[in-house]
Amino acid sequence: MITTAWPDLEKTYLMYNIKRPPMVMVRGEGARLWDETGRDYLDFVGGWAVNVLGHCHPAVVNAIQQQAARLIHTSNQYYTIPQIELGKILVQNSVLDRVFFCNSGAEANEGAVKLARKYGKIHKNGAYGVISTLKGFHGRTLAMVAATGKPHYQIPYTPLPAGFVNVPFNDLEAIKAATNAETIAIMIEPVQGEGGVNVADPDYIKGLRHWCDENGLLLILDEVQTGIARTGTLFAYEQMGVEPDIMTLAKGLGGGVPIGALLAKQHAAVFEPGDHGSTFGGNPLACAVGVAVMNEVLTHNIASNVVQVGAYLAEKLQALVQKYPLVVAERGLGLLRAIDLQDGVGSEVVNRCAEEGLLINMVSPNTLRFMPPLIISQAHVDEATEILDQVLGEF
Ligand SMILES: *Cc1c(COP(=O)(O)O)cnc(C)c1O
């Protein structure tokens with residue numbers, strides 16, 4: 001029984017920065033969410049690619065409960081064990097050498113740009129410029145809005161911090177043309193998530209790596225969305241034949257508990273005591289959960305499930321492209337996928353799917369994105385694509 005009109009209270013108390021559908025979520029388990037009326041939904045939004053192990057996975061719940069009863073927070077003035085343990089796991093399972101923990105993707109990317117600027121002061125005559133891509137997404141802080149190549153996110157907040165240029169994605173010549181003596185880093189997502197699931201061409205990424213090497217630039221890969229097995233390998237760079245100098249993580253790392261991480265190779269890890277910090281970053285609670293998520297992802301080989309189920313989802317979505325003239329393209333990597341629609345009916349499709357019990361995300365009126373928990377099976381894909389098939393048939 002519904003006793004409170006939460007959406008009305010939202011209008012009274014909260015800032016209106018996002019449009020929400022009417023249901024109020026109260027419980028989650030695995031790939032499913034329940035609203036307050038008891039209705040269940042198959043969740044192919046996954047908390048925006050955060051709930052890698054699904055909702056309320058026992059490993060995550062246990063880690064929270066046990067760590068909460070032992071030690072939740074100290075300042076970073078003291079050593080705590082989970083932070084060092086999680087750093088060790090990330091370094092041992094990546095090509096990066098050093099980790100700094102923070103609380104979100106935007107904060108990790110801010111740290112990446114600060115690290116690159118300090119590197120520029122030491123190694124490149126104070127070069128500070130960062131080249132990023134149009135339709136990229138790096139977060140909502142002022143500097144990351146400048147790095148995010150979407151005018152819609154930038155225009156209300158000008159003047160933006162200096163030192164950022166945005167050029168077309170998958171266009172090596174555009175990066176070369178934008179590089180000058182002030183440039184210190186190139187920052188891209190291996191797959192543009194928010195921008196519509198645009199996969200970087202391996203030749204493009206390799207070309208960027210060469211360009212960085214030839215010009216003394218740092219390659220920053222924003223794996224906030226693609227990291228933690230989302231694309232079928234623990235990190236997306238593994239499939240693209242390059243090693244970044246700097247990598248950022250957040251979304252999936254805490255399985256729903258806020259955490260971000262900035263990783264760098266030794267040569268780029270130029271912070272010294274006092275250069276950078278974060279009050280909550282790396283606290284024992286968040287890091288203990290990160291350890292639990294990473295152990296679960298690694299020991300249960302979640303990445304290979306992503307490869308298999310991701311290929312199956314791709315096949316099923318491709319069948320919808322064949323079946324409906326409305327659906328014009330399918331793309332993605334692993335369990336980060338999208339379809340393009342004609343006629344800008346994205347929000348109607350999302351709403352009808354929700355009414356039928358399937359949650360999906362619209363990145364633009366013509367593009368729907370799928371980022372389910374990484375623990376789903378083919379049966380979940382069948383259920384989701386059957387609902388989508390039925391809904392698309394109505395348009
Ligand atoms: C979500 C996202 C961010 C921002 O992360 P927040 O935790 O919302 O600050 C940055 N980069 C990418 C690629 C993302 O998908």
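Helix α9, which spans residues 202-215, lies across β5 (129-133), β7 and β10, and runs at about 165° to β7. Contact here means heavy atoms within 4.5 Å, while axes are lines fitted to C-alpha atoms, for helices over the stretch in contact, with angles from 0 to 180 degrees between N-to-C directions. Helices (H or I, at least four residues) and strands (E, at least two) are DSSP runs numbered from the N terminus. This is a predicted model, in which local features need pLDDT of at least 70 and side-chain atom pairs count only at pLDDT 80 or more, whereas totals for chains, interfaces and linings use all residues. Residues are numbered from 1 along each chain as its sequence is written, and side-chain values use heavy atoms, with hydrogens and water left out.

The strands under discussion belong to an open sheet of 7 strands with mixed pairing, in the order β4-β12-β11-β10-β7-β5-β6; two strands pair if DSSP finds at least two bridges between them. Because β4 (98-102) and β6 (164-167) stand at the edges with a single partner strand each, one side of each is left without a neighbour in the sheet. From one strand to the next, the twist averages 20°. Within this sheet, β7 (residues 183-188) and β10 (residues 218-222) pair in the parallel sense over 4 bridges, and Met187 has Ile220 in β10 as its bridge partner.

A further open sheet has 4 strands in the order β13-β14-β17-β16, with antiparallel pairing. Here β13 (327-333) and β16 (361-364) stand at the edges, each with a single partner strand, so one side of each lacks a neighbour in the sheet.
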